[in-house]
Amino acid sequence: MALADLDAWVERADRLAATFAATAARHDREASFPHEHVAAARAGGWPALAVPAVHGGAGASLHDVCLLQERLGRGDASSALGLGMHHMAIGAPGPEHTGWPAGVYADLCARVVAEGALVNSLASEPEQGSPTRGGLPATTARRAGDGWVLEGRKTWSTWLPVLTHALVAARLEEGERPPRIGTFLVDLSLAGVRRDPTFESVALRATASGTLVLEAVEVSAAALLFAREPADPDPRAASLGPWFQLTSAAVYTGCAHAARDEVTDFCRNRRPNAMAEPIASLPTVRLRLGRIDGAVRTARLLVLAAARAWDEAPPPGRAALLPEIGTVKVQATQLAWQAVEDAMRLAGGPGLLPELSLERRWRDVRGGLIHPPLEDIQWQALGAALATGEGGDGRAVI
């Protein structure tokens with residue numbers, strides 16, 4: 001369902017992006033968490049953006065969320081990404097409650113609307129790395145009465161200081177039965193939950209993407225959303241993947257858009273004393289600005305077109321879009337990175353200094369390159385499909 005008042009939401013996104021931008025440089029420099037950004041987002045009702053209307057939320061479609069995430073990414077990639085992780089976790093189940101018991105999903109949505117609850121899907125671990133590479137989680141869940149006890153650590157826990165809930169993958173210990181993988185909805189106010197938000201990264205330093213530690217955390221039976229065999233696909237994957245890939249790509253496209261605007265302003269005002277006109281008057285500078293602008297426009301178009309195609313496709317037919325959506329994520333983030341790289345080169349020495357935000361954008365946009373699907377995995381998947389005759393007939397589905 002699309003937002004009926006999308007233009008109003010765009011204006012709200014621009015105001016929130018300005019709030020982000022006002023202190024983004026300080027938080028990046030200090031690797032501190034921007035609590036004021038979260039407070040502003042909550043005050044504006046942003047946590048409920050992707051909550052279906054039937055549950056009291058705004059009911060934004062994937063396209064609308066991507067459009068707004070791109071605007072927020074212009075203000076600060078760290079804060080936009082943190083908010084986007086929440087939208088992904090809430091929006092991907094959607095009205096179909098994919099992989100969720102309907103009642104559990106409805107209860108969480110109610111808390112998001114009423115309290116501004118924030119949730120992220122936490123899967124990465126120190127031993128396992130990215131779950132997209134395979135392997136069982138080291139985090140365990142063992143039976144305890146009618147419920148479960150969780151033990152483990154989850155890394156790359158974006159927005160950890162303010163999360164109220166987390167979706168946690170764990171290896172189920174069920175006696176003699178071979179281990180299965182379960183996904184739990186964990187209330188982070190429970191005893192035994194510990195947060196270490198330390199995140200000394202070169203990029204996205206204000207995301208506080210630290211480590212969630214679970215030490216004998218007791219959860220009810222209802223906290224187990226679903227269980228699967230290790231070789232079986234995650235039942236959320238067909239929806240969670242596109243929501244994650246496109247909303248995150250939108251953030252990095254917004255980051256590149258901001259770099260484009262800043263380097264353009266720099267060129268308009270940069271006038272060496274040997275020149276009568278600003279450097280923006282030089283044909284070579286205009287050529288490079290045009291290349292930057294073209295990359296940003298293309299990335300944005302790819303993301304929004306893919307998101308709209310997903311929204312408009314009937315759920316049974318969405319699987320056919322997955323190769324295109326993975327490709328769009330890879331290409332859009334590459335284009336965003338290239339745009340910011342070219343902006344840095346065009347600015348020269350001043351681009352390395354904190355007076356411009358280019359060096360921060362240059363570091364942050366690289367985060368898009370490590371989000372799944374990674375480039376090598378995506379190209380191998382497409383190549384394997386062609387090599388085995390499963391690559392389709394070449395007709396575009398977007």
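Is Phe 33 buried or exposed, and which aromatic residue does Phe 33 pair with?

Author: The model is a predicted one. In this model Phe 33 counts as buried, because its relative accessibility is 12% and the cut-off for a buried residue is under 20%.

The partner of Phe 33 is Trp 159, and the two rings form an aromatic pair. A pair of aromatic rings is described by the distance of the centres and the angle of the planes. For Phe 33 and Trp 159 the centres are 6.2 Å apart and the planes stand at 80° to one another, an edge-to-face arrangement.

Most residues other than glycine have a negative phi, and most peptide bonds are trans. Ala 208 likewise has a positive phi, of about 50°, although it is not a glycine. Ala 208 is found in the loop between β6 (193-196) and β7 (210-219), and with a relative accessibility of 6% it counts as buried.

The pair of Phe 33 and Trp 159 is one of 5 aromatic pairs in the model. Another of them joins Trp 9 to Trp 46, again edge-to-face, with 5.0 Å from centre to centre and 85° between the planes. Trp 9 lies in helix α1 (residues 6-30) and Trp 46 in the loop between α2 (35-43) and α3 (62-75), so this pair ties together parts that are 37 residues apart in sequence. Both Trp 9 and Trp 46 are buried. Trp 9 also has a charged neighbour: Arg 12 lies over the face of its ring, at 3.8 Å from the ring centre.

A charge over a ring is found again at Trp 362, where Arg 366 lies over the face at 5.6 Å from the ring centre. As for the loop between α9 (358-364) and α10 (375-387), Pro 373 has its place there. A cis peptide bond joins Pro 372 and Pro 373, with omega about 0°. Gly 368 lies in the loop between α9 and α10 as well. The relative accessible area of Gly 368 is 0%, so this glycine is buried. Its C-alpha atom is separated by 22 Å from that of Leu 212, a residue 156 positions away along the chain.

The axes of α7 (residues 283-312) and α8 (residues 322-347) come within 9 Å and cross at roughly 160°. Because angles over 145 degrees count as roughly antiparallel, α7 is roughly antiparallel to α8. The crossing of these two helices, α7 and α8, is left-handed. The residues in the contact of α7 with α8 comprise 18 nonpolar, 2 polar and 4 charged.

Definitions and conventions. Residues are numbered from 1 along each chain as its sequence is written. This is a predicted model: local features need pLDDT of at least 70, side-chain atom pairs count only at pLDDT 80 or more; totals for chains, interfaces and linings use all residues. Side-chain values use heavy atoms; hydrogens and water are left out. Axes are lines fitted to C-alpha atoms, for helices over the stretch in contact, and angles run from 0 to 180 degrees between N-to-C directions. Helices (H or I, at least four residues) and strands (E, at least two) are DSSP runs, numbered from the N terminus. Angles under 35 degrees count as roughly parallel, over 145 as roughly antiparallel, 65 to 115 as roughly perpendicular and the rest as oblique. A crossing is left-handed if the near helix is turned anticlockwise from the far one by less than a right angle, and right-handed if clockwise. Ala, Val, Leu, Ile, Met, Phe, Trp, Tyr, Cys and Pro count as nonpolar, Asp, Glu, Lys and Arg as charged, and the others, Gly among them, as polar. Rings of Phe, Tyr and Trp (its six-membered ring) pair if their centres lie within 6.5 Å; planes under 30 degrees apart count as stacked, over 60 as edge-to-face and the rest as tilted. Buried means under 20% relative accessible area, exposed over 50%, partly exposed in between (1.4 Å probe, protein chains only). A charge sits over a ring if NZ of Lys or CZ of Arg is within 6 Å of the ring centre and within 35 degrees of the ring normal.
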